[in-house]
Amino acid sequence: MAPFNYGANPMNENMNERMLISLLADGQFHSGEKLGERLGISRAAVWKQLRKLDDLGVAVESVKGRGYRIPGGLELLDRDAMVAALAPNIARGCVLTVLDDTSSTNDWIKSRTGSWQGLVCLAERQTSGRGRRGRSWVSPFGRNLYLSVGWEFDGGAALLEGLSLAVGVAVCRALGGRREHAGLSLKWPNDILLSGRKLGGILVELQGDPSGLCQVVVGIGVNYGMGETTGETIDQPWADGREITTTGRNHLAVRLVTEVMSMLAEFTRSGFTPFRDEWCDYDATRDLAVRVSTAATAREGVARGVDDQGALILETDKGLETVHGGEVSLRVAR
Ligand code: BTN
């Protein structure tokens, strides 16, 4: 696991910090004395470490006479348990890494030398989590899921237009799908919504030959146990996966890895076409008047689903037009 970057004596302090979080993850009260004993450090050193958890966004409650606790506890990611829970065909096709702390799981994959094929990275926290259109992605420690998967495609960037839409389908499948949760929907090109509020986002990045072999990173963020306090920093209505499934972060991570890996294999064979109907079932803006804007232009029309490439079909005064993804924003017109 990647160590945290804190302290004058990083090795020990980082280990203590990680152990402290693990001890407090059960949500129960622990006295400063007991914590010190378990970590082999003084109570004053425990207190110092506890204060640092604040910087990580881990809220620790302190009650006189009872000790310290993380209210509600944390379910930390367990890499070995996740690998053991993956079906053999999925486990064979991926190399799973779980980091405590990284700037962005997408950037971590991009920093790997050699092939990205099947690299899967999850992190407890992102210090510079990135969203689309230059936005940041709120990524506190031990909450939510931040996942990136590396893949290679031969056939050029154009083939990939529908990829982020197919990722949306995979995420919805992982969450139980429409049959279980009627409120799940997808907003073109790649917002995952629950009852109209943002539940997750997708950031697909690619490098390589735009007309040949491309290396792609599929980045997925799903809110799961975000917590109201952290959620206050999100600048739009948001939803939490725990509203629809309480099976836990590790279980949901396994579901996501499984569905994304299966989707990538099928997308490699057949492109977006096999996902199109399912995407349209989730379409949040179907038949609604919408406004599609880029930094320079804006178009209005009625959204009529997507084509086999994943482009939005827009009915305008001039007839049917297609809008391609990229740095566009789609809003329901008022
Ligand atoms: C969006 O703006 O809707 C896209 C958000 C994508 C967030 C995920 S979290 C994992 C991966 N790493 C990042 O830095 N971003 C993506």
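Modeller: Let's start with arginine 130, which is partly exposed, at a relative accessible area of 29%. Here, buried means under 20% relative accessible area, exposed means over 50%, and partly exposed is in between (1.4 Å probe, protein chains only). Keep in mind that this is a predicted model, where local features need pLDDT of at least 70, side-chain atom pairs count only at pLDDT 80 or more, and totals for chains, interfaces and linings use all residues. Residues are numbered from 1 along each chain as its sequence is written, and side-chain values use heavy atoms, with hydrogens and water left out.

You'll find arginine 130 in the loop between β4 (119-126) and β5 (145-154); strands are DSSP runs (E, at least two residues), numbered from the N terminus. Not counting residues up to four places away in sequence, arginine 130 touches Ser104, Asn106, Asp107, Lys110, Arg135, Ser136, Trp137, Leu203 and Glu205, where contact means heavy atoms within 4.5 Å. Leucine 203 sits 73 residues away along the chain, yet its C-alpha atom is 7.9 Å from that of arginine 130.

With aspartate 107, the side chain of arginine 130 makes a polar contact of 2.5 Å. That term means a pair of N or O atoms within 3.5 Å; within protein, one must be able to donate a hydrogen and the other to accept it, and residues adjacent in sequence count only if both atoms are side-chain atoms.

Now look at arginine 133, also in the loop between β4 and β5. Arginine 133 is partly exposed too, at 38% relative accessibility. Its phi is near 50 degrees, a positive value in a residue other than glycine. Most residues other than glycine have a negative phi.

Notes: Helix = DSSP H or I, 4+ residues; strand = E, 2+ residues; numbered from the N terminus.
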